[in-house]
Amino acid sequence: MAKNYSVPLDQLVSQFNLTIAHKATDYDTIHITVDDVSRPGLQLAGFFDHFEPMRIQVIGRVEDAYLGKLSGEERSVIFDRFFSYKIPALIICRDITPVPECLQMAKKHDVTVLRCLESTSYLVSSLITYLKSALVPRITRHGVLVEVYGEGLLLTGESGIGKSEAAVELLKRGHRLIADDAVEMRMVASNQLAGRAPELIRDYIEIRGIGVINVAKLFGMAAIKEENFVDLIINLVPWGENHVYDRLGLEDQYVEILGVKVPSITIPVTPGRNLAVILEVAAMNNRQRKMGYNAAAELTETLNRHFDESAGQKF
């Protein structure tokens, strides 16, 4: 199930080497839940319409220069109102020393004030990038994710169908494993998913009859990858005599995950089929389709043209 994620404030402090000018009593429990960051220029001027108090607020050289033109009483009034919104934290960049009124009102309203050496524009852009990655929607699905010729193949199907065994054969052929059994996927763009393994089972794969193996130690570090885009979902199903399977590949099929439509195909599994080779061909074919070439459409067009020409000759 998809759920909302958050980032602990102390994690951001550690990640960006921030120092604490004032530590709120709830510092250890503060979590950031939005991926936007604001510079409170208008708020320091007294305009609080449409103010978003859930965002981290960042002050730089421009805001500090403006505050320097105000009297101490004016700064006390504006920071009193500013911190009354109980923002997650205020970060002051460029190693600027906070004005006394800022710290006084931060203590009054119990709000954390942080400092850093970085430029304001660099910190804001870095924070937004980090938070967007950490707070992006994600979901965990059962399956095996492998990289084949640069394409991320998510193998799905019932337990025991041969997903892990196919992954091992692909590893022997020089391809890479991202995740086995559980794949954690996150939406990195409006039309793109990225998948990785949960931390506890990363680099491990289970082979029935053998047990759990460490892919990095058995096949080498080149056989694993931390994360990869999910470019194609391949559903492995047992072969059935009465089932109808796509013979041409003209009809595009998709599976929607987190609102992203991912191309999907179904491959029947039966003894004697070289599944690893089929998966390699599926990866290459999917890559061609993304580049605008569709062999099935080309064949259909050729056949139609041939029959049209044949029909014309009869008349």
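I began with Leu248, which I found in the loop between β17 (232–238) and β18; strands here are DSSP runs of E of at least two residues, numbered from the N terminus. The model is predicted, with local features needing pLDDT of at least 70 and side-chain atom pairs 80 or more, while totals for chains, interfaces and linings use all residues. Residues are numbered from 1 along each chain as its sequence is written, and side-chain values use heavy atoms, without hydrogens and water.

I noted that Leu248 counts as exposed because its relative accessibility is 52% (exposed is over 50%, buried under 20% and partly exposed in between, with a 1.4 Å probe and protein chains only).

I then followed β18 (residues 253–257), which pairs with β19 (residues 260–269) in the antiparallel sense over 5 bridges; strands pair if DSSP finds at least two bridges between them. Val255 stands opposite Val262 in β19, and in the hairpin, with 2 residues between the strands, Leu258 takes a positive phi near 55°.

Next I looked at β10 (residues 151–156), where 6 of 6 residues are buried. On one side I listed Glu151, Leu153 and Leu155, and on the other Gly152, Leu154 and Thr156.

β10 is joined by 5 bridges to β9 (residues 144–148), running antiparallel, with Val146 as the bridge partner of Leu153. In the turn of this hairpin, which has 2 residues between its strands, Tyr149 has a positive phi of about 55°.

β10 also runs parallel to β17, with 4 bridges joining them, and I found Leu154 opposite Ile233 in β17.
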